[in-house]
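The sequence and structure come first, and the description follows.

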Amino acid sequence: LIEESPSTLLNLSAVHAALGEASPALAYCRQAMAILRGVVLAGLSESALLNAKHLIIIALHNLSSAQAISTSEQAAAQATCLNALRMSQVFLGETHPTTKVVAATAHDFEKKTNKLFVKKRIVDPPAKKKNVPAYLQILI
């Protein structure tokens, strides 16, 4: 029986992606994101929200890696990684280790596709649904 904690699910996602198994990698990542979405919407303490935001960034990074090896979702991988990078820059800062890892992955996507990312920091996009934080819009 697999413990349903976002961290465990994200670790499983990363392992499956590293093994080239896109389907379980995507499934574990999406399961973790659903749990994290619930955590954020529950409005827990500030430290719990910060941890959830950090895990959402990792989840998006994992999702982009899994999408990159999936034949049906490969086209979305670069955009997903860019969303993770933007969130990481906003919530964790440019020098945070997670931001550096996500930026390296974004750079790898850039090299593979020859598409240039916009090199400036972003602000939260406008919310698409009422009462949902902007950083969560990508999970809806």
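Helix 3 passes helix 4 in a left-handed crossing (the near helix is turned anticlockwise from the far one by less than a right angle; clockwise would be right-handed). The model is predicted, with local features needing pLDDT of at least 70 and side-chain atom pairs counting only at pLDDT 80 or more, while totals for chains, interfaces and linings use all residues. Residues are numbered from 1 along each chain as its sequence is written, and side-chain values use heavy atoms, leaving out hydrogens and water.

## Helix 3 with helix 4

Helix 3 covers residues 46–68 and helix 4 covers residues 77–91; their axes come within 8 Å and cross at roughly 160°. Axes here are lines fitted to C-alpha atoms, for helices over the stretch in contact, and angles run from 0 to 180 degrees between N-to-C directions. Helix 3 and helix 4 are therefore roughly antiparallel (over 145 degrees; under 35 is roughly parallel, 65 to 115 roughly perpendicular and the rest oblique). On the helix 3 side, the contact (heavy atoms within 4.5 Å) is made by Lys53, Ile56, Ile57, Leu60, His61, Leu63, Ser64, Gln67 and Ala68. On the helix 4 side are Ala77, Thr80, Cys81, Asn83, Ala84, Met87, Ser88 and Phe91. By class, this contact has 10 nonpolar, six polar and one charged residues. Nonpolar covers Ala, Val, Leu, Ile, Met, Phe, Trp, Tyr, Cys and Pro, charged covers Asp, Glu, Lys and Arg, and the others, Gly among them, are polar.

## Helix 1 with helix 3

Helix 1 (residues 6–18) packs with helix 3 at an angle of about 20°, and the axes are 10 Å apart. The two helices are therefore roughly parallel. Helix 1 also passes helix 3 in a left-handed crossing. Helix 1 contributes Pro6, Ser7, Leu10, Ser13, Ala14 and Ala17 to the contact, and helix 3 contributes Leu55, Ile58, Ala59, Asn62 and Ala66. These residues divide into eight nonpolar, three polar and no charged.

| Pair | Axis distance | Angle |
|---|---|---|
| Helix 3 and helix 4 | within 8 Å | roughly 160° |
| Helix 1 and helix 3 | 10 Å | about 20° |

Gln67 lies in helix 3 and is buried, with a relative accessible area of 5%. Buried means under 20% relative accessible area, exposed over 50%, and partly exposed in between, with a 1.4 Å probe and protein chains only. Leaving aside residues up to four places away in sequence, Gln67 touches Leu26, Arg30, Glu73, Gln74, Ala76, Ala77 and Thr80.

Glu73 is in the loop between helix 3 and helix 4. With the same exclusion of residues up to four places away, Glu73 touches Leu26, Arg30 and Gln67.

Leu9 has its place in helix 1 and is buried, at a relative accessible area of 1%. Its C-alpha atom is separated by 9.1 Å from that of Ala25, 16 residues apart along the chain.

## The chain as a whole

The chain has five helices and zero strands, which are DSSP runs numbered from the N terminus (helices H or I, at least four residues; strands E, at least two). Buried residues make up 41% of its 140 residues. Among contacts between residues at least 6 apart in sequence, 59% join residues at least 24 apart. The accessible surface is about 7900 Å², and 58% of that belongs to carbon and sulfur atoms.

Terms used. Areas by Shrake-Rupley, 256 points an atom, 1.4 Å probe, with all protein chains shown as cover.
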